[in-house]
Amino acid sequence: MDGQVKFFGGAAFPLEMHKVRIVQKLTLVSVEERVAAIREAGSNTFLLKNDKVFLDMLTDSGVNAMSDRQLAAMMTADDSYAGSMSFERLRTVTQDIFGKPFLLPVHQGRAAENILASALVGKGGVVPMNYHFTTTRAHIERNGGSVVELFLPEALNLDSTDPFKGNMDTAALDALLKREAGNVPFVRMEAGTNLIGGQPWSLENLERTSEICRRHGAPLVLDASLLADNLYFIKTREAAQRGATIREITRRIADLCDIVYFSARKLGCARGGAILTADRALFERMQPLIPLFEGFLTYGGMSVREIEAMAVGLEETMDFDMIRHGPEFISFMADELDARGVPVVKPAGGLGCHLNARAFLPHVPQNRYTAGALAAAVFIAGGVRGMERGTLSEERNEDGSERLADAELLRLALPRRVFTMSQVKYAVDRIHWLFENRNLVGGLEWTEEPKILRFFSGRLKAVGDWQDRLAAKFREDFGDSL
Ligand code: F0G
């Protein structure tokens with residue numbers, strides 16, 4: 001029994017296993033105001049202000065819904081610079097779940113990456129991984145190392161039905177560790193692989209990866225920020241694990257890794273982050289950097305309230321009913337869009353529903369920022385804010401030419417337990433309408449292009465007047481509707 005509720009009428013849709021007791025009012029502004037807002041934001045969804053956004057699907061980071069138990073725990077936090085009992089409670093929980101006695105607190109996920117890279121990566125060091133994440137790569141490169149991605153061909157195939165596109169190419173890993181013997185500070189495996197659409201790896205693949213790492217004496221580091229989704233997919237897609245509990249699968253994963261780190265803005269539905277290990281030598285290399293970069297060893301830059309919320313949130317993540325909500329809603333959204341002919345990444349992963357912008361807007365070239373244009377258009381169509389994951393998010397080559405991204409994706413994140421079914425249906429409806437009117441959508445060009453991380457603060461404008469024409473068509477089709 002997998003706890004799936006079946007419906008008499010034969011329909012299939014996910015059912016919320018929680019009730020909503022704190023709410024936040026939303027506003028939906030008119031399509032004319034949405035065009036004005038996106039123009040003012042330089043057609044960059046990062047620069048939109050929230051009072052003009054209806055459904056904020058930018059990210060799940062730090063915006064997952066918290067539970068009544070998390071909020072209650074925050075009220076009993078023990079504030080003190082050193083020796084906080086909140087930290088002790090977190091240590092008890094992480095030891096219990098992950099079986100790793102050493103806990104280093106950090107203020108968020110990228111801070112964990114800074115500590116790891118500063119402590120372990122030296123000049124010329126090579127860090128193999130299933131796929132990079134932006135902040136991870138930046139910290140490794142800042143310390144003079146480089147990243148080698150060892151994904152399988154299926155990872156970048158947006159239409160593949162492979163259930164585990166996040167798998168490591170273990171044959172390539174074995175060869176690399178042989179070739180680069182002594183030059184690999186660690187191997188990194190990212191759960192719920194973010195940049196390829198929230199795609200998981202199988203426990204079997206992690207077992208093989210771990211065996212190879214141990215044979216070559218290379219520590220295996222797990223980025224567990226998106227572990228909740230990966231756990232769900234292991235349980236539901238990997239036949240050998242169907243009978244295992246989430247807690248058992250988590251422990252098995254942790255036992256295969258030498259270091260586990262995570263952003264608690266994602267895992268545990270709080271804020272902050274942590275690094276865990278059972279290896280005293282590794283712990284002692286990282287520990288001195290915590291007071292230097294983060295704060296004292298019992299808070300690491302976090303408020304103790306967040307530490308309490310994290311402890312309860314991690315415990316709640318062991319509940320299948322809690323972790324199924326995100327992937328099931330995402331799969332519902334992707335299936336509904338797919339049924340209407342809208343190109344989405346399949347199979348649906350975790351984190352969010354990903355639109356394939358090149359298939360959505362084949363007439364908008366990548367140097368006119370296909371996924372960026374789609375992000376602006378989806379906002380105009382429905383006040384839905386997504387995140388561009390394409391060429392805009394790349395840095396230019398040294399000679400100034402564009403580095404065209406492997407894929408042009410628009411990520412519509414579903415923060416855990418935040419949106420209702422009708423809000424998801426609304427988003428599907430507006431994206432469907434946009435798809436039917438896709439020929440109206442054009443590209444973007446820069447008005448202000450920063451040199452570093454241009455996607456965060458850069459400003460663009462529409463090539464031509466397509467944004468106004470799209471709004472006019474909306475008015476024509478929807479009358480006086482918002
Ligand atoms: N690792 C992964 C897999 C992530 O997705 C993120 C953040 C980090 C590390 C860094 O954690 O933000 O707490 O410093 N991802 C966010 C996102 C930003 O929107 O996908 P952080």
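User: Between which two elements does the loop with Pro450 lie?

Analyst: This is a predicted model, where local features need pLDDT of at least 70, side-chain atom pairs count only at pLDDT 80 or more, and totals for chains, interfaces and linings use all residues. Residues are numbered from 1 along each chain as its sequence is written, and side-chain values use heavy atoms, leaving out hydrogens and water. Helices (H or I, at least four residues) and strands (E, at least two) are DSSP runs numbered from the N terminus. On that basis, the loop holding Pro450 lies between strand 13 (444-448) and helix 17 (454-457).

User: Buried, partly exposed or exposed: which label does Pro450 get?

Analyst: The labels go by relative accessible area: buried is under 20%, exposed is over 50%, and partly exposed is in between (1.4 Å probe, protein chains only). Pro450 has 24% relative accessibility, so the label is partly exposed.

User: Which residues does Pro450 touch, not counting those up to four places away in sequence?

Analyst: A contact here means heavy atoms within 4.5 Å. Ala11 is 439 residues from Pro450 along the chain, and their C-alpha atoms are separated by 49 Å. The residues that Pro450 does touch are Ser457 and Gly458.

User: Which residues does Gly442 contact, leaving aside neighbours within four places in sequence?

Analyst: Gly442 is in the loop between helix 16 (421-436) and strand 13, and it is buried because its relative accessible area is 15%. Leu361 is 81 residues away along the chain, yet the two C-alpha atoms are separated by 8.4 Å. The contacts of Gly442 are Val364, Ala373 and Trp466.

User: What is the distance between the closest N and O atoms of Lys461 and Glu445?

Analyst: The two form a salt bridge, meaning a side-chain nitrogen of Lys or Arg within 4 Å of a carboxyl oxygen of Asp or Glu. The pair links distant parts of the chain, with Lys461 in strand 14 (residues 459-462) and Glu445 in strand 13, 16 residues apart. Lys461 is partly exposed at 41%, and Glu445 is partly exposed too, at 25%. Their closest N and O atoms are 3.1 Å apart.

User: Why are Arg251 and Asp255 about one helical turn apart, and which helix are they in?

Analyst: Their side chains meet in a salt bridge at 3.4 Å, N to O. Both are partly exposed, Arg251 with a relative accessible area of 32% and Asp255 with 40%. They are about one helical turn apart because they sit four residues from each other in helix 9 (residues 246-256).

User: How many salt bridges does the structure hold?

Analyst: Side chains of opposite charge can pair when their charged atoms come close. The number of salt bridges in the structure is 35.

User: How many disulfides turn up in the whole structure?

Analyst: A disulfide needs a pair of cysteine sulfur atoms within 2.5 Å. The sulfur of Cys213 is 8.6 Å from the closest cysteine sulfur, that of Cys257, so this is too far for a bond. Cys353 is in no disulfide either, the nearest cysteine sulfur being that of Cys269, 20 Å away. The search finds a total of zero.

User: Why is strand 2 largely enclosed, and how many of its residues are buried?

Analyst: In a regular strand the side chains alternate between the two faces of the sheet. Both faces of strand 2 are covered, with Phe102, Leu104 and Val106 buried on one side and Leu103 and Pro105 buried on the other. The strand (residues 102-106) is largely enclosed by the rest of the structure because its buried residues number five of the five.

User: Which residue stands opposite Leu103?

Analyst: Two strands pair if DSSP finds at least two bridges between them. Strand 2 and strand 8 (residues 273-277) run antiparallel and are joined by five bridges. In strand 8, the residue opposite Leu103 is Leu276.
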